[in-house]
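Subject: Structure for you to look through

Hello,

My notes on what was found follow below it.

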Amino acid sequence: MTTATQTAATGNHLSTGAALLTLMKLRTFIALFAVIIFFSIFAPNFLSTANMILMSKHATQNAFLAIGMTFVIITGGIDLSVGSIVGLCGMIAGGLIMYGVALPLGYTVYFNIVEVAIIVMVVGILIGAINGLLITRLNVAPFIATLGTLYVARGMALLYSDGQTLPNLTGREDLGNQGFSYLGSGSILGLPVSVWILIVVALGAAYFARFVPLGRHIFAVGGNERASRMSGIRVNRVKMFVYMFSGFCAAIVGLIISSELMASHPATGTNLELNAIAAAVLGGTSMSGGRGTIGGTIIGAFVIGILSDGLVMMGVSSFWQMVIKGLVIIVAVVVDQAQRRLQQRVTLMQMAKAG
Amino acid sequence: MPETDDVILELKDITKAYSGIVALKKADLKLRRGAVNVLVGENGAGKSTMMRIIAGVERPTLGEIWMDGERIQLNSPADAVRHGIGIVFQELNLFGNLSVAENIFATREITRGLRGIDHKAQVEKANEFLNRLEAGISADTLAEDLPIGQQQLVEIARAVSLDTRILIMDEPTSALSAAEVDVLFRVIADLKARGVAIVYISHRLEELMRIGDYITVLKDGQITGHAMVKDIDTRWIVRSMIGSDAKDFAKQVEHEPGEEVFRTENICLPRAQGGYAVDHVSIGVRKGEILGIYGLMGAGRSELFECIMGRHEHYTGKIFVEGDELKGRDTTRRIREGLALIPEDRQREGLVQSMSIADNLSMASLGQFLKAGFHIDLKLEKSAIMEAIRNLSIKAKNPDFDVTSMSGGNQQKVVIGKALMTGPKVLLMDEPSRGIDVGAKADVFRTMRRLAGEGLAILFSTSDLEEVMALSDRIAVMSNGRLVTVVDRRDATEEMIVSASAEGHKTKRMHA
């Protein structure tokens with residue numbers, strides 16, 4: 001009799017544990033719906049199409065960086081330099097449109113917008129490659145390496161124009177470099193171009209993580225670097241890739257922000273790396289590496305974007321906004337840790353009972 | 001000595017589950033004051049786990065700990081120290097970057113108030129303890145500069161210096177010379193006289209018989225025997241350790257091995273402290289042959305395997321697969337060239353704990369499922385995974401579950417499956433039966449036999465005599481980095497192998 005009730009009790013215990021686990025796993029979705037429902041009640045015009053489009057544009061910027069950040073964090077690293085890369089890439093885009101590239105003998109070469117975009121993306125990838133080389137070849141801890149490039153890239157962005165904003169990036173008809181505004185202000189089928197690009201990049205990243213060996217290896221490296229190396233995975237190559245991809249994502253954001261404003265400001269993107277990390281963590285990416293999804297990260301980026309825009313619409317002061325954002329991130333990580341512990345306990349108890 | 005009830009510590013119904021394995025199942029243990037309480041059992045029987053629980057390193061999943069008639073909680077090593085429990089771990093736990101004295105007094109430094117640590121007093125005190133052990137170590141040398149045997153003595157000195165009521169020694173003699181063992185035993189006798197309860201774990205049965213008062217035998221996480229040492233003999237120990245049912249080794253299949261597929265020539269790996277971890281090892285394996293490498297801890301077996309897999313940059317020597325010399329020192333290429341390694345430490349080097357069973361199986365061989373050069377064909381991958389699960393009879397309810405949800409034996413099979421999916425010609429297995437239960441062991445052994453029957457060349461290392469005798473076609477013995485002998489199993493005797501495994505240390509002492 002006693003044993004029967006006991007097993008029933010432990011069985012109950014296990015199933016509540018399991019239910020709680022499921023709930024915790026869905027927390028990002030729950031958070032997204034919670035913020036949407038909350039603001040549609042308390043913020044006027046929150047659900048209007050115009051507002052939705054505006055918010056998605058804001059969230060998009062974080063989402064790009066967060067996708068790159070997710071891969072980096074899954075390998076067990078961190079990329080603090082993305083905000084600065086955004087700034088530097090924006091300045092380079094502006095500079096190329098306004099001034100072109102001065103060659104010796106007094107010639108100046110101007111590029112059309114597509115070429116500008118490609119050059120800027122290559123610059124982003126190169127800065128990522130520098131991060132990667134520091135981390136893989138020179139064994140610098142990711143936090144320190146990217147902290148270094150954070151300062152260097154920001155400093156270079158400021159040096160580029162001596163701290164000045166490059167205004168009016170409309171281009172000139174005779175130089176054939178007009179149309180930069182399309183990236184930030186254009187729309188296709190009612191959706192902003194930047195959102196379309198995000199969809200492409202996000203789908204590409206999700207495909208990559210599942211269907212391409214290098215993408216799969218990202219998870220293995222972050223889960224257990226030694227075991228990955230023993231299994232023949234070229235760990236350094238994987239790490240190089242994630243930092244380069246993160247740089248690429250940052251370059252895209254630099255282009256989009258400059259295009260939206262039609263101006264490049266060297267301080268653009270300050271602190272964006274923190275938003276990206278927050279979005280990834282909110283989306284269930286584990287800071288200790290090995291776990292994370294692109295889908296979760298996108299949702300995380302939208303939760304953060306909607307949260308800040310919604311609070312603005314409600315008229316909450318920006319000081320309070322910071323406090324609230326910080327609390328949301330902390331709660332997310334606490335829940336993440338609790339989930340892991342619970343999961344472990346449930347499995348171990350099951351095994352101990354089974355003997 | 002009569003069986004007394006002078007029990008200082010008692011474990012009641014202790015169960016400890018790790019992810020993947022239940023290491024202890026409702027085990028009871030009584031430790032007596034002023035006696036040497038011996039604990040024996042095979043690798044993976046749960047001895048170390050039990051000691052880690054007593055030392056507060058691990059907490060039991062279920063069960064109670066009683067000390068002096070009171071129930072206590074040991075939540076951290078600091079708790080254990082407070083209760084007067086000291087431990088000499090099997091793995092050395094010294095801070096290599098600190099001096100011997102600093103190691104001995106770590107966490108209880110001798111201080112002079114605000115003027116900080118009194119290094120001079122620490123060195124003097126430490127030297128006292130070391131002299132008692134006749135260690136011949138100066139307390140101000142860096143721990144990492146000492147050879148491994150002396151490091152072990154430092155560990156022992158630290159534990160002795162703690163002035164504990166319970167002192168646990170987990171294989172304290174595994175790296176000691178015979179003379180050093182004698183000194184250690186004198187120290188133990190001295191501690192015993194002072195009423196310290198000693199817990200002594202060792203594989204060396206003759207040692208146990210010499211020093212032990214009470215003996216407890218563990219098998220597969222359960223206590224299978226408890227007696228006073230004077231009432232029993234080594235046969236009793238072996239019977240309790242192995243059980244009446246002899247180990248289920250795979251039946252020998254009589255098939256003639258084919259031509260040589262793998263050969264090393266003069267593999268050398270220098271040790272940081274001088275000498276060689278792997279000392280001019282030349283060895284060959286034939287198709288369909290199982291070559292067992294026997295050796296004690298630190299014999300250089302793992303290091304040899306690591307050299308073969310290109311893990312060390314500083315090794316010298318040549319490696320041939322099917323007559324072609326392998327170039328480069330790069331694990332990825334070695335795998336592509338037909339080598340695969342099952343690492344000794346499954347958790348650290350074998351598995352990616354955060355991934356599913358399926359992802360672990362296919363992670364090393366994704367290149368085989370590609371379409372258009374980059375796209376993984378999930379169907380192809382899935383069918384290969386299912387085939388591996390079937391072939392190795394891996395008990396996986398759902399291949400998408402976390403790999404940590406499986407038992408240790410099945411985890412080991414996943415690591416083997418991962419290696420096999422790369423299509424190796426030569427399989428290196430470093431202690432393939434470590435940390436898995438008896439049933440799974442038999443399964444792994446059967447798998448090894450079958451693979452050899454299918455023409456794979458297998459090189460495996462073990463420190464289990466019975467295992468190497470039963471499984472190998474030929475037996476190689478390594479000692480202190482050197483390959484001492486290679487014999488056909490039919491000509492091998494246990495005595496021969498045991499004496500060969502001590503060979504390297506003998507010559508070293510002669511030179512020294």
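**Strands in chain B**

B:T264 stands opposite B:I319 in strand β14 of chain B, where helices (H or I, at least four residues) and strands (E, at least two) are DSSP runs numbered from the N terminus. This is a predicted model, in which local features need pLDDT of at least 70, side-chain atom pairs count only at pLDDT 80 or more, and totals for chains, interfaces and linings use all residues. Residues are numbered from 1 along each chain as its sequence is written, chains are lettered from A and ligands numbered from 1 in the order in which they are written, and side-chain values use heavy atoms, with hydrogens and water left out.

Strand β11 (residues 260-270) of chain B and β14 (residues 316-321) of chain B pair in the antiparallel sense over 5 bridges, pairing being counted if DSSP finds at least two bridges between two strands. β11 of chain B also pairs with β12 (residues 276-286) of chain B, again in the antiparallel sense, over 7 bridges, and there B:P270 has B:Y276 as its bridge partner.

**Domains in chain A**

Chain A is divided into domain 1 (46-303) and domain 2 (316-355), with bounds that come from an automatic or database domain assignment. Although their C-alpha centres lie 28 Å apart, 7 residues of domain 1 of chain A are in contact (heavy atoms within 4.5 Å) with 6 residues of domain 2 of chain A.

Best wishes
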